[in-house]
Structures are given as structure tokens and as C-alpha cells.
Amino acid sequence: MHSGHLLLEEPIRMASILEPSKASFFPAMTKIVGTLGPKSRSVEIISGCLKAGMSVARFDFSWGDPAYHQETLENLKAAIKSTKNLCAVMLDTVGPELQVINKSGNSISLQADAFVVLTPDQEKEASSELLPINFDGLSKAVKNGDTIFVGQYLFTGSETTSVWLEVSEVKGEDVVCVIKNSATLAGSLFTLHASQIHIDLPTLSDKDKEVISSWGVQNKIDFLSLSYTRHAEDVRHAREFLSKLGDLSQTQIFAKIENIEGLNHFDEILEEADGIILSRGNLGIDLPTEKVFLFQKAALYKCNMAGKPAVVTRVVDSMTDNLRPTRAEATDVANAVLDGSDAILLGAETLRGLYPIETISIVGKICAEAEKVFNQDLYFKKTIKYVGEPMSHLESIASSAVRAAIKVKASAIICFTSSGRAARLIAKYRPTMPVLSVVIPHLKTNQLKWSFSGAFENTSSDLFQNTCTPLPSNLQTNFPQGNHS
């Protein structure tokens, strides 16, 4: 992606589009987050995902118990060891997520124009007339005419597996809804999203705290994905909680923007969080359809200028069941990169999808092609102008390093760091070459045992575009604990 590459703004010889892409040691600098689950938890499949380009493994605690996820993580460790590819660990919280409870697990068919009752009585069996939910305050939060979505894809990817409901009547704690489309709900849990409605539940639930305190601490997680972040106070509360857990004091918090509340407080949330996840699944139905692209572009610009990584979700839903993405999805991935996204998060595509390795590979190839035509010169000037003067010493050094590397057409920028901050600041300016972050390990001893530290710093930049963190060879074999051995 040096200055010799053609940019989209320049005349492109159409035949050149068909020319094979040149092989590169770093196929794509945009990072890929893969969610590990039923179809992607064996050592063999995880190894394939790592080789295909996955650099962060996401563990979604909306389903599955800690023991299940621990087994998956042990397989991840084995895959890291065999492939020698580093991979950070992200814990995704449940937060105030509403769910329909289907104890039998049987498929439920809902017919358009019929009625269905949402009830907080979880002892009742789910059926086409009655859906038990895990929240007893829904009847107080909604009114006639409000919109509710239920299903796996929440009416954004496959309308046959999600349903659109309209509140017709509130009866005590029950909510009677008109079914707007025919659909079949399959599985034991379906997400329920009440559009543009405040849900009076804490962002970091007691269940989340329990999982973080046990599973998170035990495995020294690198990233915490804070679901349904609605206010800056949510991030502050989560950081305060992590600071009390010694081993997680450096864990980075990524605020997940999923509804109108999060959008309205975006600037304050961005200031507090270490990064942002644009959860386009829920957000895409909370926002008017024609406004989704505008939020994406505005949010990514704000993240870029703040020097904080931004992650985009829900890009290749169709690859859950298909070997190839749709043309629109392929374009969507590329546009996310051109808009300034640092990483792409894959959910169902790798969690329960039939082709997790192929999905990661294809998304990586699309990202790499988009990076080749990314106008870095324009981006650099825009960032310099936004930062303004006087610059801080670190900002000046980082921007100057990028400018010099581009002028001499360097192959890489090598940054020695003890905290990872310098590498992240350099990555903020989006150099045309990868930033190699070489972590200086700290040698510790209690006079009985020697150990190295530096694992967290090695993975703390794993969601920044451009950054790469090669682990020193001695640490690859001698790491005493953590998820990077």
C-alpha cells in the first residue's frame, strides 16, 4: 500500500482489476475477531482460523457455561502453540440483553397477523401463542404501537428466522403483540430487542461480574466487550470493577454501541472507552434504515481521530450457511475498511457457521484489497490537522515516524515498547506498512521463581489496524501462565 499504489480517486485501468493480487507477508492489516463456538472450537478448526487471519478470539457468554468456554480456550492455547500465531482473548458480556426462553428447544412457527403473548413467567412452555422472556419489566417499558424484534438475526439478515412484533396491548405483566411477518424460531434462546425503548437493567450484570471475576481472571483476558453500553458511566463502572481484580487492571474495555442511548452518548463513551464496537445487528434495527451508513461513517471518523480502534460487526451474515458472501456483503466489508474500521468482528459466521475458516480467509482478502486503495496521504493530513498544535511529545514522535517511513518506503516500522502505547499511537496515523510492536519483557523474581511478563502488552494492540506483535522467541516457550503460552 505504498504511494505507488493506485487510489480509488485516480483513473484505474479496468483490466488491472483482474490482475492477481501480489502475495504479501502481511496479507491484511485490518484485524479479524472470530467468535468461537460449536462449529469452531476444535484445535484443528481454531488452527485453521489462526492461519487464515484471526487475531482475536471472542468468547460470547450470552450462551454456554464457563466450563464449555474454558475447554474451547484450552483448545485455542494448543492451536496457538502449534501454529505459533498469537491471538488475544475477548470476553463478551451479556449485559441487559433480553431473551426468549424456549426450554423444549423445539422450533416455534409464528404466522403473520396472528397474536403472541410475551410473558415474564419462565415456567411456561414456549409456543406460537406464548413466549416466556427473562425480564419482568417489559410491560412497564412499552406502550401500544412499539416495535419488538425476536430471533437469531433480529430482522437484519434472514427474515425467516426472526420476527417483527408490534405491541397491541399490555395485560398486567404480559405484553400482547401482533406478528408482522411469518417466521420460524429455532433453538433454546432467542434474543429480544425492544426498539428505541429504555430497559432498566444494569449494563454490567451480576452474572457478568461473576464470569469476569472467575473465568476472566483465571485466563487474564485481553479485552472486555461491554455489551449495550449506554453511558460513559457504564465504562467507568466496568473499569472500576476490573481495577479491583489485580490481573485485569490492564484489560482494555471496548464499548459496544447497540442502541439509540449509546448513540446519543457516543462522544462521552468514546472518551472513556479503549475502543468501540459498532454492533450493527441491534443498532441496525434501532436506527432508521437510511441512517445506518451515516452513523457508521461518523462513528469511525470519531474513533480514528481519537486514536482508538473501531470494530464493525455483521458484515457477511450469509456466510453462516454459504461458502461465498453476497456481492453486497463483499462491498460492505471493503467499505468498512475504507471508512476507517480497524477490525471486523465475525459472530454467527464463525460461531455456528458451516465455513469459519473460509469466512475468515475471504474477509481477510477483501480487507487486503481495500487497504491497497486506502488514501493514506489524505488520511494522514486529516489526522495531523485534527490533532493540531502544539502536539504532545509522543504524538509528534509517532506522526514523524510515520511520515519518515512513508518517504523512504520502509517495509515496516519497528517499535520497542513496554506498554504498547507508542505502537498504538503510531497506528493512529495509519502508515502504509505494518507496525511491529516488540515488547520489552519484565523479568520478575521472588527469589524462588523467575518469570517474564509482557503478554498483555503483546496483545493490547491486536485490534488496531497496522499493528503486529511478534512475541520474543524466549517468551514463546517460557511464558509461565496466561493465554499466550
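**Backbone exceptions, aromatic contacts and a pocket**

Pro390 is situated in the loop between H13 and helix H14 (393–407). In this predicted model, the peptide bond that joins Glu389 and Pro390 is cis, with omega at about 0 degrees. Most peptide bonds are trans, and most residues other than glycine have a negative phi. Two non-glycine residues with positive phi may be described here. Asp113, with phi near 75 degrees, is placed in the loop between strand S5 (108–110) and strand S6 (115–119). A relative accessible area of 63% makes Asp113 exposed, because the threshold for that class is over 50%. Arg430 is not a glycine either, yet its phi is positive at about 50 degrees. The loop between H15 and S19 holds Arg430, which is buried with a relative accessible area of 3%.

Nine aromatic pairs are present in the structure. In one of them, the ring centres of Phe223 and Phe254 are 5.3 Å apart and the ring planes meet at 85 degrees, so the pair is edge-to-face. This pair links distant parts of the chain, with Phe223 in strand S13 (residues 223–226) and Phe254 in strand S14 (residues 252–257), 31 residues apart. Both Phe223 and Phe254 are buried. The rings of Phe380 and Tyr429 have centres 5.7 Å apart and planes at 55 degrees, so this pair is tilted. Distant parts of the chain are again linked: Phe380 belongs to helix H13 (residues 376–387), whereas Tyr429 lies in the loop between helix H15 (421–428) and strand S19 (435–439), 49 residues apart. Phe380 and Tyr429 are likewise buried. One aromatic cluster is formed by Phe59, Phe61 and Trp215.

Charged side chains also lie over aromatic rings. Arg41 is over the face of Tyr68, at 3.8 Å from the ring centre, and Lys180 is over the face of Trp164, at 5.9 Å from the ring centre.

The second largest pocket contains about 920 Å³ of space. Its lining comprises 37 residues, of which Asp60, Trp63, Gln152, Thr191 and Arg352 are the closest to the pocket centre. At least two lining residues are supplied by each of strand S2 (54–60), strand S12 (189–194), helix H8 (280–286) and helix H11 (348–351). Domain 1 (29–94 + 205–372) and domain 2 (98–195) each contribute at least three residues to the lining of the second largest pocket.

How values were computed. Residues are numbered from 1 along each chain as its sequence is written. This is a predicted model: local features need pLDDT of at least 70, side-chain atom pairs count only at pLDDT 80 or more; totals for chains, interfaces and linings use all residues. Side-chain values use heavy atoms; hydrogens and water are left out. Rings of Phe, Tyr and Trp (its six-membered ring) pair if their centres lie within 6.5 Å; planes under 30 degrees apart count as stacked, over 60 as edge-to-face and the rest as tilted. Helices (H or I, at least four residues) and strands (E, at least two) are DSSP runs, numbered from the N terminus. Buried means under 20% relative accessible area, exposed over 50%, partly exposed in between (1.4 Å probe, protein chains only). A charge sits over a ring if NZ of Lys or CZ of Arg is within 6 Å of the ring centre and within 35 degrees of the ring normal. On a 1 Å grid over the protein atoms alone, a cavity is a set of points where a 1.4 Å probe fits but cannot get out, and a pocket is an open set with protein on both sides within 12 Å along at least five of seven lines; lining residues have an atom within 4 Å of a point. Grid points are joined across faces, edges and corners, and a volume is the space filled by probe spheres set on the points. Domain bounds come from an automatic or database domain assignment.
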